[in-house]
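Student: Could you walk me through this structure? I'd like to ask things as we go.

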Amino acid sequence: MIVVPAHMGRMNKLALLTRLQQLGTASRADLAKSLGLSQPTCGKIVQELLRSGVLEELSEPVSSLAGGAPLRPRRKLGRPGVLLRLNCSRVRFLAIQLDVTHTSLARLSLGFTGADAWETSVPTGHSAAEWGRNLALAARALPMPELWGVLISVPGLLDPARGRVLYSPNLHWTETVDLRAVAERIWRAPVVLMQEEQALALGHRQVYPERDNFLLVDFGQGVGGAVLVYGKLQVNPLPVSGELGHTPVAGNGRRCGCGAVGCLETLASLRGLLQSFAEAVPHRPRTWAALCEHVRRQGLEPWLTRTLDATADIIAGALNILGLQQVVLTGILTELPSCVVEYLTGRICQGALWARFGEVHVETAPRHRAAGLVAAGIENLVLNRLREDSTDTVRLAP
């Protein structure tokens, strides 16, 4: 492949923005050193991004951040470096989480890396028309005069090239709708769709940049996963990745929304856990709070360990196939008493080959889907709006 100057310029900008996402703050000199760029080239890119409103300078001088880790403050000769960061002062993106029952929205800056904290939520509805009407109501409550793009996380199988949902077991109406067109009519801005579990994995990477290789498994309305290898989302020939929830479990007779019988999702999702709880303890209210309190008092009972055993076997099998040793658990399972994750971790290690002569790490984390959406927005929207001509700059907004 021949790399033309314009393409090289875009790569350098993306590398610099990615590095700043990971570091949080850095000086021009530190960015140039860590990226292997000359200081004039790095300075030119920084100036363009500052004029475009993508970056901002802080008034405080910085000590060196070489190698991605802050060094101890030390006296430096000459003019101290000025701290740079992705622009946190202005809201630029609208992030939307499309879920089975509710759709959540939040206005975010380019520098956002926090845990999910949605500003408002509306019912998802049962059709595109209903979803669009509810989004229009939410738009009035969240005014955005300088919107650069709308970022939507969607469940199911997503064709990223066409921006269409191919299959969604729990939201079948999304398969026949152009979700981007619905959002574009409301906000008159470019729209990026991202598969929800991949957004979670990308967000985890942005918040914890030292995590390069992991399998993320999320438990909620369904059970999904995403794979990050060498800091990049795994790319497959087909738009199928991390669908752990639709792996069949022997002896499980529950019918799944995908049409199959026995999927793990019917056991380890919110609905599945509540159903098992109601069957095992019929005299208790069928609520998540009641389930958590029951486990806290009674510990691990057979109805729960059977689900955890099946979950662990499937996760361990995925680790053996993918060649990974790091598992990140997010979602409702992490809200249960610690004995649940401890038991699940032990069972995963029993089934993972690497644990026989190495270490397998299982950690829990809050959801960072919004941070993943921002990262996708920077790559897909911000860079496309910046002119590659080194002598000119496009102003994205005042």
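**Starting with a helix**

Tutor: Helix H3 (residues 39-51) has 13 residues, which at 1.5 Å a residue should span 18 Å, and its end C-alpha atoms are 18 Å apart, so the two agree. The expected span is 1.5 Å times one less than the number of residues. Helices (H or I, at least four residues) and strands (E, at least two) are DSSP runs, numbered from the N terminus. This is a predicted model: local features need pLDDT of at least 70, side-chain atom pairs count only at pLDDT 80 or more, and totals for chains, interfaces and linings use all residues. Residues are numbered from 1 along each chain as its sequence is written, and side-chain values use heavy atoms, with hydrogens and water left out.

Student: Which residues in H3 are buried?

Tutor: Cys42, Gly43, Ile45, Val46, Glu48 and Leu49 are. Buried means under 20% relative accessible area, exposed over 50%, and partly exposed in between (1.4 Å probe, protein chains only). In general, an α-helix has 3.6 residues a turn, so residues three or four places apart point the same way.

Student: And what follows H3?

Tutor: Glycine 53 does, with a positive phi near 85 degrees.

Student: Switching to strands: how many helices and strands are in the chain?

Tutor: The chain has 12 helices and 14 strands. Take strand S11 (residues 223-229): 6 of its 7 residues are buried, so S11 is largely enclosed by the rest of the structure.

Student: What does S11 pair with?

Tutor: Strand S10 (residues 214-219) runs antiparallel to S11, joined by 6 bridges. Strand S12 (residues 232-233) also pairs with S11 in the antiparallel sense, over 2 bridges. Two strands pair if DSSP finds at least two bridges between them.

Student: Which residues are bridge partners there?

Tutor: Phenylalanine 219 has valine 223 in S11 as its bridge partner, and leucine 228 has leucine 233 in S12.

Student: How many residues sit between the strands of each hairpin?

Tutor: The S10 and S11 hairpin has 3 residues between its strands, while the S11 and S12 hairpin has 2. Tyrosine 230 is in the turn between S11 and S12, with a positive phi of about 55 degrees.

Student: Is tyrosine 230 buried or exposed?

Tutor: Exposed, because its relative accessible area is 70%. On that phi, most residues other than glycine have a negative one.

Student: Where else is there a positive phi in a residue that is not a glycine?

Tutor: Arginine 188 has one, about 55 degrees. Arginine 188 is in the loop between helix H5 (179-187) and strand S9 (191-195), and counts as exposed at 71% relative accessibility.

Student: What about arginine 205, buried or exposed?

Tutor: Arginine 205, found in helix H6 (residues 196-207), counts as buried because its relative accessibility is 11%.

Student: What does arginine 205 touch?

Tutor: Leaving out residues up to four places away in sequence, arginine 205 touches Gln22, Glu210, Arg211, Asp212, Phe214, Leu228 and Gly231. Contact means heavy atoms within 4.5 Å.

Student: Last topic: where is tryptophan 354?

Tutor: Tryptophan 354 is in the loop between helix H11 (338-351) and strand S14 (361-364). Tryptophan 354 is partly exposed, with a relative accessible area of 42%.
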